[in-house]
Amino acid sequence: MAESVRSGGRSRRRSGEKSLDEREPLDLRPRGPQHAEITALAREAVDETGAEEPREPPIRLGAQTTLGERRRRTLGLAFHVLCAGAAMVGVLSLVVLLGQVLHDGLGQIDRDFLTSFASRIPERAGIKAALVGSLWMLALTAVIAFPLSVGAAIYLEEYAPKSWITTTIQTNIANLAGVPSIVYGILGLALFVRAMGLGRSLLSGALTLSLLILPVIILASQEAIRAVPDSIRQAAYGLGATRWQAVRLQVLPMALPGILTGTILALSRAVGETAPLIMIGALSFVAFTPQGPLDQFTVLPLQIFNWVSRPQEEFRQLAAGAILVLLAMLLAMNGVAIFLRNRYQRRH
Amino acid sequence: MATVHEIDTGGHAPALEARNLSVFYGEKQAVKDVSLVIPAHQVVALIGPSGCGKSTLLRCFNRMNDLVIGARIEGEVLFHGQNLYDSDVDPVEVRRRIGMVFQKPNPFPKSVYENAAFGPRIQGFKGDLDDLVEESLRAAALWDEVSDRLSESAYTLSGGQQQRLCIARTLAVKPEIVLMDEPASALDPIATQKIEDLIWELKERYTIVIVTHNMQQAARISDYAAFLYMGELIEYGPTDTIFTNPKEERTESYVTGRFG
Ligand SMILES: Nc1ncnc2c1ncn2[C@@H]1O[C@H](COP(=O)(O)OP(=O)(O)OP(=O)(O)O)[C@@H](O)[C@H]1O
Ligand SMILES: [Mg+2]
């Protein structure tokens, strides 16, 4: 039966599984006392007439509809409507939100808006610093989080011995994925800003956000690596591949689309984060673009936060414009993730 | 109760020799104190009912059991006088010299060419890779069918072609011994026929150990047959003897299809 040759991680033996010929043939005939009676009668009849096979009793749908059954159907319908309603709440609120933002913000977006720095005068204000800051943040976070997470996932799936330490690590990664982002902000402030002396820099922010999305990417990558069939590993090892060769040349390429999808989705979460960056003391009014990872910065969500908290209506509209830019960025990233996933599904 | 099956290898040098080999999965012993000699340039069939330890024994011959969580091996497997389980033996090197073909065709999701080239590539092959790929595909009787679609995905091949590609891929590493675990069980009769013909030809250059459930197949293609039952090697000898004149009653009832 299924031989579980595994390079590491868990053994995937499906022990309870019967092979096809061991399994009992499927019996599709209706069961129950009534049926047994009919069959018995039929058998008697057959005994009398000497025919070989008893004929199947006709199945009468709906003939037995009782009160209980009618109630069950009503309940089923009600549940259906309820669920559809719940789904509509999500869709509707998204439509309303988008409509409002589009209405307020679309007029804001022009070349000046994208290429001007923040200003006290609404007509001159733009999102240049925030946009560049967000792109910096995105790139730095990706560069830090991607190798760390993929390395951790490869270790856990392909190398780690099956021990209580591994199990503990695994459980904690799952738990970390549920920790509120502000907590990561506190950690970032204490560790990167103060202890490591990186200040309120892009690097501090990127490190903090990397910690935040690390567990998410690790879990997604593990999932993708686990989805690579064992037979591929066996084939590679059988041809004399070392563990690293098998992982690098066969397992990783097959898992890569899944890993990238997870990474992009996690990064899009990081791009939208505000709380941890406020915590580490990122600025919200910046009139310069960062030149390097150790410079101070602002990002789109912070700029938006700054603008909406001002009393003047003009700034609200500026915020709506910035929200649109941020949304476009996030949707584009999700689009890439979906594209990768579809391509991957079509290939396998 | 070490039963050493001294067999007449008909003058063939031993390619591989198992001595008092036992395999445990946790508490369960799947192979019990098996000793046998695999003669060079012969086809040896491992037969026996499902779960009797054929695959487990086969995997011992190139240390694939190292990769099975919880498997423990006792005893020796001698290859050119060297015990494969000595601490200074590199399992990767073992697998390069003793190749394996699996039950289900498992080509890599890459082109036909890349599949055949994988083994040589990872070993840092320096010669003409195109030549080696062609030679391997020819040796696996696949060249004529795929020579014009080398760059197509291996998944576009039929099951039988995929399995021959897997054999070609193994041959490209130039092993001395090829282990095959029910290589034709997922294939239709015509594809099976091709694999059997192929095994017959490969015997010239390789030693082959094959696990099979199909008694006719074992009788057709093997020179020697080993009958395993519940982890024990019950009988081992020339295939003719095993099928027509076995010493053990259990062997006889299995090969005549009375159980298993
Ligand atoms: N990874 C594993 N972990 C635990 N037990 C295993 C494992 N692999 C095999 N076994 C057990 O070892 C015994 C021998 O298994 P093996 O796969 O070698 O049998 P087989 O003769 O190849 O059977 P089949 O003809 O069905 O392939 C079986 O009882 C099986 O349940
Ligand atoms: Mg088997």
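Q: What is the relative accessibility of Lys174(B)?
A: Lys174(B) has a relative accessibility of 45% and counts as partly exposed. The cut-offs are under 20% relative accessible area for buried and over 50% for exposed, with partly exposed in between (1.4 Å probe, protein chains only).

Q: What kind of model is this, and what are the conventions?
A: This is a predicted model, in which local features need pLDDT of at least 70 and side-chain atom pairs count only at pLDDT 80 or more, while totals for chains, interfaces and linings use all residues. Residues are numbered from 1 along each chain as its sequence is written, chains are lettered from A and ligands numbered from 1 in the order in which they are written, and side-chain values use heavy atoms, leaving out hydrogens and water.

Q: Back to Lys174(B): which side chain does it meet in a salt bridge?
A: Lys174(B) meets Glu135(B) in a salt bridge, at 2.7 Å from N to O. Lys174(B) lies in the loop between helix H6 (159-171) and strand E7 (177-181) of chain B and Glu135(B) in helix H4 (residues 129-139) of chain B, so the pair joins parts 39 residues apart in sequence. Glu135(B) is partly exposed, at 34% relative accessibility. A salt bridge here is a side-chain nitrogen of Lys or Arg within 4 Å of a carboxyl oxygen of Asp or Glu. Helices (H or I, at least four residues) and strands (E, at least two) are DSSP runs, numbered from the N terminus.

Q: How many salt bridges over all chains?
A: The count is 20 salt bridges over all chains. One of them is between Glu158(A) and Arg233(A), whose closest N and O atoms are 2.8 Å apart. That pair links distant parts of the chain, 75 residues apart: Glu158(A) is in helix H4 (residues 128-159) of chain A and Arg233(A) in helix H8 of chain A.

Q: Is Glu158(A) buried or exposed?
A: Glu158(A) counts as buried, at 0% relative accessibility. Arg233(A) is buried as well, with a relative accessible area of 1%.

Q: Changing topic, how many residues does the contact take from chain A and from chain B?
A: The contact (heavy atoms within 4.5 Å) takes 25 residues from chain A and 26 residues from chain B.

Q: What area is buried between chain A and chain B?
A: About 2100 Å² is buried between chain A and chain B, and carbon and sulfur atoms give 64% of it. Buried area is the accessible area (1.4 Å probe) that two parts lose on being put together, summed over both.

Q: How many salt bridges are between chain A and chain B?
A: There are 0 salt bridges between chain A and chain B.

Q: What is the make-up of chain A?
A: Chain A has 12 helices and 0 strands. Of its 348 residues, 39% count as buried.

Q: And aromatics: how many aromatic pairs does the structure hold?
A: The structure holds 5 aromatic pairs over all chains. Among them, Tyr224(B) and Tyr236(B) form a tilted pair, 6.4 Å centre to centre with 55° between the planes. Rings of Phe, Tyr and Trp (its six-membered ring) pair if their centres lie within 6.5 Å; planes under 30 degrees apart are stacked, over 60 edge-to-face and the rest tilted.

Q: Are Tyr224(B) and Tyr236(B) buried or exposed?
A: Both Tyr224(B) and Tyr236(B) are buried.
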